[in-house]
Every structure is written in structure tokens, then in C-alpha cells.
Amino acid sequence: AAVTAVAVAAMLAGCNGGQRRYEAEFLTLFDTQTKIVGFDSSEQAFNEKVGAVHDDLNVYHELFDIYNSYDGINNLKTINDNAGKQPVKVDKKIIELLLFGKNAYSLSQGRINIAMGSVLSIWHEYREAGIEDPAKAKLPDLADLKMAAQHTDISKLIINEQESTVYLEDPKMRLDVGAIAKGYATEKAALAAQDRGVRSMLLSVGGNVRAIGKKPDGAKWNVGIKNPYENAEQENISNVYIDGYSVVTSGTYQRYYTVDGVRYHHIIDPDTLFPSQYFAAVTIICKDSGLADALSTAVFNLQFDKGQ
């Protein structure tokens, strides 16, 4: 029942290993479009599998939300609201995500910092205002960004695994897990689906694509890599064929606003505190969708040779 409200399953032509191809889409998770493709004996059987994946993703969506509160849930917004005040008892899923985020910080030598929320929230505010009223769109003041950047020390994110609590020592520090959350949640949902017996499915959560197995006839899944340039002749710059792998893209075309004819996207370079200037898009292909999500952001914030 949870899914019928948000998903439309479409039976598409052609059978595959005696099963039909179905699709479902919803727009309620992680502020983005989620699409699920699978093969099944009936629409009902497919919808049941999709419903379970949707519910898994929704749990992560609520726990990892920094903008909204939910009844009876301590989420990342709760942690941010209690910065400098007190530790917050949270679900183990949040503890695991934040530990993953700390590892991503070390792995990327600081290119991914989930403690950069104070800076990212300024950009978010200006971007939202600029999208709402393009004529008045403007850039944040560098002095404000530098001041906010003084409150991004990830060592002040205190995680107590035994007590399952999280505490931000700096009252002005804020968490923002945008660089890792979608991929991380996609990976967890895919693993849970496999545990439930799903052997063939393709999940796409806002550009985080994760394949479970192959198609029933043994063919690999075909994933198009979008051309980041508008009005380009080819919609995709490449196609990759995957079996149990993830394909994750970070790009300038996903979230941006325009000031004086210049586009400013949402991936902020921790050195300049302005949108990263190295690439239009970076795609990472690896088994783990969470790792792919983290790496696509890290590489986006590095010169080509260093990223490679």
C-alpha cells in the first residue's frame, strides 16, 4: 500500500527469461527521482519487491534528513539542533553512516567533509533564493563562507558507539551528508533486497545506480552516462554494462543556480569554498554504491591526475 501511492509500475513490452519487465518511480525520497527496474512474473510480485525497497530507502531518507523532523525519530537534524548542547541517542544506521563519513574524510584527504554543513547551508540558502527569484540571484559573501568554515573540524564530531550517541562539540558546526547519503542508502537497500531473495533489479536514486545481478536472460544492465552539457547532440556520452556494480555520477547539471549568466552548482571545493571548477561531471564505477558516491565527489574536487 505504501508504494501504490507513490509508484507507477509500467509493464513494458518484451519478455526476458519468461518474465516481463516492470518499472516504478517515486519522487518522495532524498529530494530526487528514484527509479526501479526489474523483471517479474506479475505486476503484483514486482510491486511487493519495490514496496520493500521503497520502505528501506524511506527509513534512510528520514534518518539522514537535515531539514525536516519526524515524529519519534532522532535524525541528523536533531543532532545539528543539539550542537554544543548535548549528545543525541540515534539509530545505529546513523552511527554507521557517520563512521563511513569519517572514513571518507580520511580516504579523500579532506575533499569530502560531512562536517561542512555550516558552509553548505549558506550556499543552499542562496541557491534556493536564486532559483525562486532568478532576477535577484546573488553569491554568498566570501567573508561569511570563511567564517562558517571555521566550524568544520570533523574531529569535533564525537561518536559513542557503545551508547549509540552523536555529539557536535562546536555549537556552530553542522552535519551535511549530501556527498555520501544517497549512494550509501542505495547500497544498503540493494543488500537488503538481495537478502530477501531479489536476484535481478536495477536501482537508480538520483544518479546513484546500483545493479542487483544481471537480467534474467543473463545480459548485463545497460546504464547511460548523461552528457553534462545542455543542447549537446548526444544525450549520453557513454553506456556501461554492469552486473552487480554501481555507477555514480556527480555533475554540475544536477543542482545549480545562475548569477549574472554564470552557473553555480552544488559541489563546493573545501579549499576555495566555491563550486569546484575542475569538471562538468565525474562518474565512478565500483561495487559499493556508497563508496562510488563518496569517490565521485572527492574526485570532482581534485585535479585530474590527483583524482585518478
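**A walk through some loops and salt bridges**

Hi everyone, let's start with Asn113: its relative accessibility is 11%, so Asn113 counts as buried (buried is under 20% relative accessible area, exposed is over 50%, and partly exposed is in between, with a 1.4 Å probe and protein chains only). Before going on, please keep in mind that this is a predicted model, where local features need pLDDT of at least 70, side-chain atom pairs count only at pLDDT 80 or more, and totals for chains, interfaces and linings use all residues. Residues are numbered from 1 along each chain as its sequence is written, and side-chain values use heavy atoms, leaving out hydrogens and water.

Back to Asn113. You will find it in the loop between helix 3 (92-107) and helix 4 (117-132); helices (H or I, at least four residues) and strands (E, at least two) are DSSP runs numbered from the N terminus. A polar atom of the Asn113 side chain sits 2.9 Å from the backbone nitrogen of Ala115.

Next, two residues with a backbone angle to look at. Most residues other than glycine have a negative phi. Asp31 is not a glycine, yet its phi is positive, at about 55°. Look for Asp31 in the loop between strand 2 (19-26) and strand 3 (34-40). Is Asp31 buried or exposed? Its relative accessibility is 71%, so Asp31 counts as exposed.

The second one is Leu273, again a residue other than glycine, with a positive phi near 65°. Leu273 belongs to the loop between strand 13 (262-265) and strand 14 (281-286). Leu273 counts as buried, because its relative accessibility is 6%.

Now to the charged pairs. How many salt bridges does the structure hold? There are 9, where a salt bridge is a side-chain nitrogen of Lys or Arg within 4 Å of a carboxyl oxygen of Asp or Glu. I have picked some of them for you.

One of them joins the side chains of Lys35 and Glu23, at 3.6 Å from N to O. Lys35 is in strand 3 and Glu23 in strand 2, 12 residues away, so to speak a link between distant parts of the chain. Lys35 has 30% relative accessibility and therefore counts as partly exposed, while Glu23, at 16%, counts as buried. Both also take part in a network of salt bridges together with Arg21.

Another salt bridge brings together the side chains of Asp56 and Arg196, 2.9 Å from N to O. Asp56 is in helix 1 (residues 43-63) and Arg196 is in the loop between helix 6 (181-195) and strand 7 (201-205), so this pair ties together parts that are 140 residues apart in sequence. Asp56 is partly exposed, with a relative accessible area of 21%, and Arg196 counts as partly exposed at 45% relative accessibility.

Then there is Asp81 with Lys77, whose side chains meet in a salt bridge of 2.9 Å, N to O. Why are Asp81 and Lys77 separated by about one helical turn? Because they are 4 residues apart in helix 2 (residues 76-81). Asp81 counts as partly exposed, at 41% relative accessibility.

One last stop: Val209, in strand 8 (residues 208-212). Val209 counts as buried because its relative accessibility is 10%. From C-alpha to C-alpha, Val209 and Tyr241 are 12 Å apart in space, and they are 32 residues apart in sequence.

Terms used
A polar contact is a pair of N or O atoms within 3.5 Å; within protein, one must be able to donate a hydrogen and the other to accept it, and residues adjacent in sequence count only if both atoms are side-chain atoms.
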